[in-house]
Amino acid sequence: SLLVAGNAYSQAPLQFSSQWDQKVVDKITIVGNKTVTTEAILNLMTIKVGSKLTQSLVTNDIKNIFGSSYFQDVKFDKSSDNELIISVVEKPTVNDIFYEGFDIISSSSLKDKILTKKYTIVDEKKLSQDLRTIEQAYTEKGYYLSKPTYALEQTEQGSVNVVFHVKENRPIQIRKVDLLGNEYFSDTELQSFMTTKPFSWLSILSSSGLYKAYNSSPETLNL
């Protein structure tokens, strides 16, 4: 009979069957795992053979299994002979990774920085971090308005392709640089020491006319 169940997308409280409270576990069986080993799942659990079942133990172990980020569904069942049966549904594995819309930043420059890798289990936390990594790479180029996203495309084999897409938008251009308080040096003399400069046709060859937050902070050191 079903002891308790949960899934990675549900926030409903887990329901524990009281008829199994304080029952001793004689055997633990894991079913449904393909990539993650049975030993790895057992190591995530506090319930062992010989443990007495309680609602807190079962609830904590389900949270521990979900906390590994490898599973999208977990069910705890218990047979009449005190066998604890844990059914898991793994998240899909990554078949391949594609990049769309990347013109300013090359996909090859991101591959070593991206945490998501081929043939690993999909991890939403890593994917969120990957979006921040892509956004940071564009920010460093002055593209503060870039919008990276990702999509998971199902394959016939049951795995997924991860597709990173970015809408680059335009960089923030510096139209004018005003200097205040300079009495002994002209604006032109001071700007010759600065990396932040107004946008011009020369900016096509460099990024001197694009706003970068890290350019403005060391300007006083140059001056």
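Start by selecting the buried residues of helix 4: Leu 127, Asp 130, Leu 131, Thr 133, Ile 134, Ala 137, Tyr 138 and Thr 139. Buried here means under 20% relative accessible area, with exposed over 50% and partly exposed in between (1.4 Å probe, protein chains only). Helices (H or I, at least four residues) and strands (E, at least two) are DSSP runs, numbered from the N terminus.

Before moving on, note that this is a predicted model, where local features need pLDDT of at least 70, side-chain atom pairs count only at pLDDT 80 or more, and totals for chains, interfaces and linings use all residues. Residues are numbered from 1 along each chain as its sequence is written, and side-chain values use heavy atoms, leaving out hydrogens and water.

Now bring up what covers those buried residues: the cover includes helix 3 (107-110), strand 6 (147-154) and strand 7 (160-167), with contact meaning heavy atoms within 4.5 Å.

Next, zoom to the start of helix 4, where a side-chain oxygen of Asp 123 comes within 2.9 Å of the backbone nitrogen of Lys 125.

Then check the length of helix 4 (residues 124-139): its end C-alpha atoms lie 23 Å apart, which agrees with the 22 Å that 16 residues should span at 1.5 Å a residue. That expected span is 1.5 Å times one less than the number of residues.

Last stop: Ala 40, in helix 1 (residues 38-44). Ala 40 counts as partly exposed because its relative accessibility is 31%. Draw a distance to Ile 65: the pair is 25 residues apart in sequence and 9.8 Å apart in space, C-alpha to C-alpha.

Note on methods: Polar contact = N/O pair within 3.5 Å; in protein donor to acceptor, adjacent residues only side chain to side chain.
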